[in-house]
Amino acid sequence: MKFEAEIDLNYRQLLALYQVSERLFRRWQMLLFRVVCLAVGVWRVWKTWGDIQADGLSFTRVSYLLIGVLFLSAALIPNIISAGCARMRVMYSGKLHFTDRDFYEVVGGRTIRHDYEKVFALVHFRGYDFIFLDKLASLIVQLDQVPGQDPKELRSFLEKKCGQSYHYV
């Protein structure tokens, strides 16, 4: 079976990627990150707010207050922040060509060959299909939008070739 899928990386896909990777691969790491950032943020805001009420505003106190707010936002919405930062660095579009032996990522003028056997995980989340090459690298496609193909057949083809079963999150 041969087919082609479009890669058009956007903010929604990046946000879904960070959410699914947190749920599947980085749960404890992100929990620790959130707890530490929340503790630092609450402490910094609480202490600075008390100083502002006691002695008034100053540039240093406003700066400390903003630092506390940044820690709080990093604790409460890390995936949104990470996706926004990644969007500023990594925006590309291309195609994935799937064949019976392997698949190719074509971005710009470059073609990168991937082996099915080396795929770490297959995940379907919020209408996107993630092909994880390892815990830190993935390809994002929408198999539901491949023209003239049944998405269930495409997913079963990938499961068979990769030796992985799809995780539906």
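Where is the place of R126? Select R126 first: this residue sits in the loop between β5 (121-125) and β6 (128-132), where strands (E, at least two residues) and helices (H or I, at least four) are DSSP runs numbered from the N terminus. R126 has a positive phi of about 55° although it is not a glycine. With a relative accessible area of 54%, R126 is exposed; exposed means over 50%, buried under 20% and partly exposed in between (1.4 Å probe, protein chains only).

The model is predicted, so local features need pLDDT of at least 70 and side-chain atom pairs count only at pLDDT 80 or more, whereas totals for chains, interfaces and linings use all residues. Residues are numbered from 1 along each chain as its sequence is written, and side-chain values use heavy atoms, with hydrogens and water left out.

**The helix pair**

Next, select helix α2 (residues 27-55) together with helix α3 (residues 59-76). They pack at an angle of about 155°, with their axes 7 Å apart; the axes are lines fitted to C-alpha atoms over the stretch in contact, and angles run from 0 to 180 degrees between N-to-C directions. The helices α2 and α3 are therefore roughly antiparallel, a term for angles over 145 degrees. The residues of this contact divide into 16 nonpolar, three polar and five charged. Here Ala, Val, Leu, Ile, Met, Phe, Trp, Tyr, Cys and Pro count as nonpolar, Asp, Glu, Lys and Arg as charged, and the others, Gly among them, as polar.

**The salt bridges**

How many salt bridges does the structure hold? There are ten, a salt bridge being a side-chain nitrogen of Lys or Arg within 4 Å of a carboxyl oxygen of Asp or Glu.

Select R113 and D102, whose side chains meet in one of these bridges (2.6 Å, N to O). R113 lies in strand β4 (residues 110-115) and D102 in strand β3 (residues 102-107), so the pair ties together parts eleven residues apart in sequence. R113 is partly exposed at 45% relative accessibility, while D102 is buried at 2%.

D129 is buried at 0% relative accessibility, and R155 is buried at 8%.

How values were computed: Parallel < 35°, antiparallel > 145°, perpendicular 65-115°, else oblique.
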